[in-house]
Amino acid sequence: MNRVTELLGIKYPVVQGAMQEVATADLAAAVSNGGGLGIIAAGGKTPDELREQIQKATKLTDKPFAVNLMLMDKNTPEHVKVIIDEGVKIVTTGAGTPKPYMSDLKAAGIKVMPVIPNVKIAKKMEEMGADAVIVEGMEAGGHIGGTTSMVLWPQIADAINIPLIAAGGIGDGRGVVEAFVAGAEGVQCGTIFSIAKESPVGDNWRKAVIDATDTGTAVVGSTIKGGATRGIANEEAGKLFELEKTGVSRDEFNSALNKGLYVGVREDDPDKSFFMAGEVAGLIKESKPAAEIVKDLIDDAQKVLNKNIEIM
């Protein structure tokens with residue numbers, strides 16, 4: 001047991017990434033039942049849809065699970081009310097500051113863990129009362145910052161006193177050990193859970209991740225403030241890159257991006273879908289049940305630690 005498992009009431013310090021459209025009640029419950037922390041993504045959902053997902057997860061697991069607030073979502077105030085009403089006890093946040101909602105969340109006894117990209121924001125979140133921070137490097141899938149994980153994790157670990165959960169580029173036991181050596185007390189994984197058996201994505205999405213090489217992802221939107229997003233390098237990614245070059249606004253770009261993501265989950269079209277995935281896709285070779293992924297991450301990390309490695 002460490003500070004993360006104790007804080008969250010989970011067996012293993014493994015958190016499932018909050019992937020819009022992908023992080024459903026079914027996936028979250030499967031991760032939680034496997035001893036990790038499953039997360040339901042509120043982004044893109046109506047308040048009623050979010051309530052349904054929370055209630056479904058409650059029926060599927062008696063273990064802790066979280067809800068992620070995408071703070072740029074216009075429904076966020078209503079989402080906060082639903083989370084409090086439904087008795088959710090853990091919230092992660094991204095795409096903005098949780099400051100407007102922090103007092104209500106904390107008054108409800110909810111643990112808050114913002115996803116952050118740099119030291120400055122990590123310190124602000126600690127001062128604001130965050131219980132932990134999820135520190136995500138640019139290797140991650142979906143919306144990303146500009147600093148690599150191995151540079152970012154130790155700098156933030158040195159700058160804060162609350163627990164650090166590392167994200168971005170973790171897909172096996174070696175990544176877990178790297179994160180802990182860099183100062184983390186837990187890991188968040190997205191790409192590997194995106195193709196878990198309980199994930200809502202289709203066969204083409206799974207194949208795209210499994211077939212990906214070390215150079216198989218692309219970043220689009222990097223010239224638009226707040227728009228940098230990583231996914232599988234395919235036809236739709238190319239179209240988004242061309243759209244970016246026309247000088248569209250962030251809202252226009254995000255609309256096209258979200259359409260590609262929506263088509264990816266709902267239609268699984270290999271040409272018209274933007275399959276969000278991190279660079280770690282090159283390591284992932286199969287789709288497994290979520291609980292098996294959680295256990296394998298921990299077991300593989302222990303095997304790495306047990307190796308007799310000589311530096312000199």
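Tutor: Buried means under 20% relative accessible area, exposed means over 50%, and partly exposed lies in between (1.4 Å probe, protein chains only). The model is predicted: local features need pLDDT of at least 70, side-chain atom pairs count only at pLDDT 80 or more, and totals for chains, interfaces and linings use all residues. Residues are numbered from 1 along each chain as its sequence is written, and side-chain values use heavy atoms, with hydrogens and water left out.

The part to look at is strand S4, residues 90-94. Helices (H or I, at least four residues) and strands (E, at least two) are DSSP runs, numbered from the N terminus. S4 is mostly covered, with 5 of its 5 residues buried. In a regular strand the side chains alternate between the two faces of the sheet. Here Ile-90, Thr-92 and Gly-94 point one way. Val-91 and Thr-93 point the other way.

Now the neighbours. Two strands pair if DSSP finds at least two bridges between them. Strand S3 (residues 65-70) runs parallel to S4 and is joined to it by 4 bridges. Across that pairing, Leu-69 stands opposite Thr-93. Strand S5 (residues 111-116) also pairs with S4 in the parallel sense, over 4 bridges. Thr-92 has Met-113 of S5 as its bridge partner. Ile-90 has Lys-111 of S5.

Next, the connections. A crossover is right-handed if, with the strands pointing away from the viewer, the path from the first strand over the helix to the second runs clockwise. S3, helix H4 (residues 76-85) and S4 make a β-α-β unit of this right-handed kind. Beyond S4, the chain crosses through helix H5 (residues 99-107) to S5. That β-α-β crossover is right-handed too.

The loop between S4 and H5 holds Ala-95. Its phi is near 60°, a positive value in a residue other than glycine. Ala-95 counts as partly exposed, at 42% relative accessibility. Another case is Glu-21, with a positive phi of about 75° although it is not a glycine. Glu-21 is found in the loop between S1 and helix H2 (25-33). Glu-21 is buried, at a relative accessible area of 14%.

Step back to the sheet. It is open and has 8 strands, in the order S1-S9-S8-S6-S5-S4-S3-S2. The pairing is parallel. Strand S1 (14-16) and strand S2 (38-41) stand at the edges with a single partner strand each, so one side of each has no neighbour in the sheet. On average, neighbouring strands are turned by 25° against each other, direction ignored. Axes are lines fitted to C-alpha atoms, for helices over the stretch in contact, and angles run from 0 to 180 degrees between N-to-C directions.

Now the side-chain contacts across the whole structure. A salt bridge is a side-chain nitrogen of Lys or Arg within 4 Å of a carboxyl oxygen of Asp or Glu. The structure holds 14 of them. One of these joins Glu-185 to Arg-3, at 2.7 Å from N to O. Glu-185 lies in the loop between helix H8 (173-181) and strand S9 (186-189) and Arg-3 in helix H1 (residues 3-8), so the pair ties together parts 182 residues apart in sequence. Glu-185 is buried, at 16% relative accessible area. Arg-3 is partly exposed, at 39%.

Asp-172 and Arg-174 also meet in a salt bridge, at 2.7 Å from N to O. Asp-172 is buried, at 16%, and Arg-174 is partly exposed, at 48%. Arg-51, Asp-85 and Glu-86 are linked in a network of salt bridges.

Lys-207 and Asp-211 meet in a salt bridge at 2.6 Å, N to O. They are 4 residues apart in H10, so about one helical turn separates them.

Last, the aromatic rings. Rings of Phe, Tyr and Trp (its six-membered ring) pair if their centres lie within 6.5 Å; planes under 30 degrees apart count as stacked, over 60 as edge-to-face and the rest as tilted. A search of the whole structure finds 1 aromatic pair. Trp-205 and Phe-275 form it, tilted, with 5.1 Å centre to centre and 50° between the planes. Trp-205 lies in helix H10 (residues 203-211) and Phe-275 in the loop between helix H12 (250-266) and helix H13 (290-306), so the pair ties together parts 70 residues apart in sequence. Both Trp-205 and Phe-275 are buried.
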